[in-house]
Amino acid sequence: MSQSLKFSTLALTLAVVFVLELSLGSVMIPLKTVISILAGGQDSGESWRQIILLFRLPRAVTAILAGAALGVAGLEMQTLFRNPLVEPYILGVSSGASLGVALVVMVTDGLGWNLLLERAGIMGSTALVVAATLGSLAVLSVVLSFARKVESNITLLIVGLMFGYIASSLVSIMMQFSVEHQMQRFITWTFGSFGSVTWQQMEIFAPTLAVGILLAWILAKPLNAFLLGDGYARSMGVNVRRVRFWIIASSALLAGTVTAYCGPIAFLGIAVPHLCRLLLKTSDHRTLVPAVVLMGATLALFADRVAMVPGSQIALPLNAVTSLIGAPVVVAVILKRRHVMEAGA
Amino acid sequence: MQVSGRASSCLALMLAVLVGASLSCAPKPQAAAASTSSTPANASSHGRATVRYAKGFVLEYHDGYKVLRVLTPWRGAKEGFTYVLVPRGGAVPKLSGNEVIIRTPVRRFVVTSTIYVPYIAMLGLEDTLVGVAKGRMITTPSIAKRFAEGKIAEISDGSGGMATNYNMERLLSLQPDLIMLYGTGNPTYDFHEQLHAAGLPFAINAEYMESTPLGGTEWMKFIAAFFDKDAEAEQIFAGIAARYEEEAAKAKSASTRPTVFRGMDYRGVWFMPGGGSYVAKFYADAGARYLWDDDHSQGSMPLTMEAVMLRARQADFWVDVGSCGSLVQLAGFDERYRLVRAFQTGRVYNNDARMSPGGGNDYWETGIANPDRVLADLISIFHPELKPGYSRVWYRQLPERGVQ
């Protein structure tokens with residue numbers, strides 16, 4: 001199969017899953033109606049139009065963007081650290097976000113707090129997004145300042161991991177002193193969901209992710225050089241520290257934004273780059289970045305579709321589904337190839 | 001022989017000293033407790049209670065002892081618990097051996113949930129309560145006061161509910177006669193295995209498993225039995241049940257059945273009580289139609305927001321919206337809540353009108369113990385014409401903007 005045929009297949013699969021996402025759910029809406037509603041038709045019932053336009057469409061767009069973003073962020077991190085098991089959250093981005101959310105939910109949650117937010121014009125879900133963003137920015141700024149100073153990637157990896165541990169410890173100490181409904185609210189945040197991004201939030205969510213993905217696309221060439229090691233990249237004329245800074249910035253922007261709006265989404269960031277390397281038999285980032293975007297979007301949509309249990313009113317935790325799909329994929333990939341970072345078999 | 005005999009008598013002496021020391025160190029039970037609950041030889045002299053609404057426990061009277069059986073301590077439980085209540089000084093009956101013997105009346109009582117606290121006050125047993133999980137959550141005035149005075153200890157270090165947070169040393173030092181707690185079947189939350197290992201007497205209360213409000217409240221007879229207050233519980237509960245039935249009969253006469261649903265979306269999952277739950281029964285008895293009454297499950301269903309919106313878009317009433325204090329705050333969590341008709345007409349009610357300074361909601365304390373008054377609140381929401389001039393206790397209508 002030629003590369004362009006593979007890309008067409010990926011795009012087609014994404015289109016099919018997208019249509020399924022819109023059509024299936026707690027109620028089955030016929031394909032024809034879905035298309036007519038998307039085209040702006042007014043003939044179908046008001047409730048179906050609202051379901052499609054206000055619930056399923058933003059959910060599907062969120063899943064597409066989040067899946068693509070996590071895939072790209074994972075690809076960048078795996079290449080930077082030349083480690084197949086690295087995920088987008090490895091530098092502590094999601095731990096920082098959890099810390100921010102935990103602070104808002106557990107230290108300050110309650111009627112009085114909600115009233116304060118209302119006066120300040122910040123609303124419940126926005127407060128969580130802001131808190132998560134600030135939390136991941138805090139961890140990220142520490143990691144980035146280290147990235148400017150230290151030479152070794154492993155040192156950087158350890159710094160990121162350690163900050164992640166510190167953030168998680170603070171979260172568990174806070175959980176110890178929270179009351180039940182606060183704890184419940186925090187735990188449900190960690191479940192992850194594509195369903196809570198509304199059109200209003202999309203105005204920030206979508207452009208931010210677009211910038212992150214564009215940045216990764218621009219970095220495709222230096223990323224290729226990194227595959228063969230820092231020394232090789234340097235001999236190719238790559239300014240290692242500067243490029244490393246931008247790789248981390250791009251991946252953190254992607255993973256941090258997704259975590260802020262959707263909660264920590266498991267496994268897509270690890271599994272998607274592997275799947276693309278296997279499918280396209282290449283390690284060229286100029287091919288991999290767009291492939292990861294398509295594959296990440298498709299898998300995220302598919303996982304969401306499964307989590308919503310078509311034909312029922314029931315919702316499963318999204319992270320349980322992404323891990324159930326992702327884990328066997330990673331095992332299969334690792335069993336099939338000796339050098340997982342290389343292209344092909 | 002001589003040596004070993006001396007050794008054993010020495011050991012006995014040491015034990016005696018130890019036991020004596022620990023007894024003298026222990027705080028003495030309140031004198032008032034001793035006077036309110038004299039110790040008769042025969043439990044039946046204290047009157048009896050008959051279980052009418054609760055399905056989860058059985059109370060049997062025998063000569064010289066009582067038997068309490070908890071049939072299903074938690075969802076999916078394979079076995080129940082049997083408690084044999086024997087008056088202090090009375091002979092322990094010979095039974096199968098799987099029963100737990102509890103001496104009555106209990107004098108040093110510990111509870112791990114605020115749900116049981118109002119019953120203690122209703123039965124006049126304040127003096128017996130020596131420990132709670134978290135004191136600052138308590139809203140019942142007489143007991144909140146005793147906690148503030150330092151007469152009640154806190155046995156949970158972290159947030160209530162987690163088994164790992166209990167302070168076993170503090171609990172042991174309280175020397176409780178009985179610890180009442182609920183079970184979930186999940187070892188992360190369940191504490192009774194640890195109590196069993198420590199040899200502490202405990203009773204599992206499965207009030208939350210009842211499918212009717214009156215069934216839940218009738219567990220006050222379960223609590224009362226340990227204190228030989230059976231007759232008092234019978235009388236208090238009879239009053240509650242009569243008032244509840246009276247209110248329900250009034251609601252039945254209403255000409256309309258407005259639709260109602262409850263709760264909020266938590267990150268893509270909306271936990272909706274099943275149509276067989278006590279919540280559904282409350283709404284039905286208050287003259288409303290619960291939108292999920294076609295379902296018969298007793299627990300909660302994890303629904304998608306889409307599914308809830310499909311069914312609840314035209315709902316007349318929306319109740320129990322977590323910690324939201326205004327419509328603006330509610331919409332702040334998700335803009336799409338505005339689609340619900342009850343939101344548009346402002347008929348959104350929350351059960352948070354009475355909160356303790358520590359963040360405890362009195363609805364879950366006094367409200368659960370007084371379902372007749374909760375029902376009156378609900379009827380005044382769904383059918384204000386039936387409750388002219390009534391002022392609600394726990395429910396309040398959400399204002400457009402927050403006020404304080």
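Q: Two strands count as paired if DSSP finds at least two bridges between them. With that in hand, in what order do the strands of the open sheet in chain B stand?
A: Strands of a sheet pair through backbone hydrogen bonds, and the pairing is either parallel or antiparallel. The model here is predicted. Its open sheet in chain B has five strands in the order β7-β6-β5-β8-β9, with parallel pairing.

Q: Which strands are the edges of this sheet?
A: An edge strand pairs on one side only, and in chain B this applies to β7 (153-154) and β9 (202-204).

Q: How many bridges join β8 of chain B to β9(B)?
A: Strand β8 (residues 178-181) of chain B is joined to β9(B) by three bridges, and the two run parallel.

Q: How do I read a helix, and what span does α9 of chain B reach?
A: An α-helix has 3.6 residues a turn, so residues three or four places apart point the same way. Helix α9 (residues 230-252) of chain B has 23 residues; from first C-alpha to last it reaches 32 Å, close to the 33 Å expected at 1.5 Å a residue.

Q: Which residues of α9(B) are buried, and what do they pack against?
A: The buried residues include B:Phe237, B:Ile240, B:Tyr244, B:Glu247, B:Ala248 and B:Ala251. The buried residues of α9(B) pack against α7 (213-217), α8 (220-225), α10 (278-285) and α15 (371-382) of chain B.

Q: Which residues are buried in α15 of chain A?
A: That helix, residues 318-336, has 19 residues and reaches 27 Å, close to the 27 Å expected. Its buried residues are A:Leu318, A:Asn319, A:Val321, A:Thr322 and A:Gly326.

Q: What is the largest nonpolar core?
A: In soluble globular proteins, nonpolar side chains tend to be buried together. Here the largest such core has 214 residues, and A:Ala69 and A:Val72 have the most contacts inside it. Helix α3 (residues 46-80) of chain A gives the largest share of this core, 17 residues. Chain B takes part as well: domain 1 (27-240) and domain 2 (253-397) each give at least three residues to this core.

Q: Which residues is A:Val72 in contact with, leaving aside its neighbours within four places in sequence?
A: A:Val72 is in contact with A:Ile213, A:Ala216, A:Leu254, A:Val289, A:Val292 and A:Val293.

Q: How many residues does each chain give to the contact between chains A and B?
A: Chain A gives 39 residues and chain B gives 37 residues. On the chain A side, α3, α5 (111-120), α6 (124-149) and α8 (180-191) each supply at least two residues. By class, that side has 15 nonpolar, 19 polar and five charged residues.

Technical notes: Residues are numbered from 1 along each chain as its sequence is written. Chains are lettered from A and ligands numbered from 1 in the order in which they are written. This is a predicted model: local features need pLDDT of at least 70, side-chain atom pairs count only at pLDDT 80 or more; totals for chains, interfaces and linings use all residues. A nonpolar core is a set of buried Ala, Val, Leu, Ile, Met, Phe, Trp, Tyr and Cys residues joined through C-beta atoms within 7 Å. A residue is buried if 20 or more other C-beta atoms lie within 10 Å of its own, exposed if 12 or fewer, and partly exposed in between; C-beta atoms are placed from the backbone. Helices (H or I, at least four residues) and strands (E, at least two) are DSSP runs, numbered from the N terminus. Domain bounds come from an automatic or database domain assignment. Two residues are in contact if their C-beta atoms, placed from the backbone, lie within 7 Å. Ala, Val, Leu, Ile, Met, Phe, Trp, Tyr, Cys and Pro count as nonpolar, Asp, Glu, Lys and Arg as charged, and the others, Gly among them, as polar. The expected span of a helix is 1.5 Å times one less than its number of residues.
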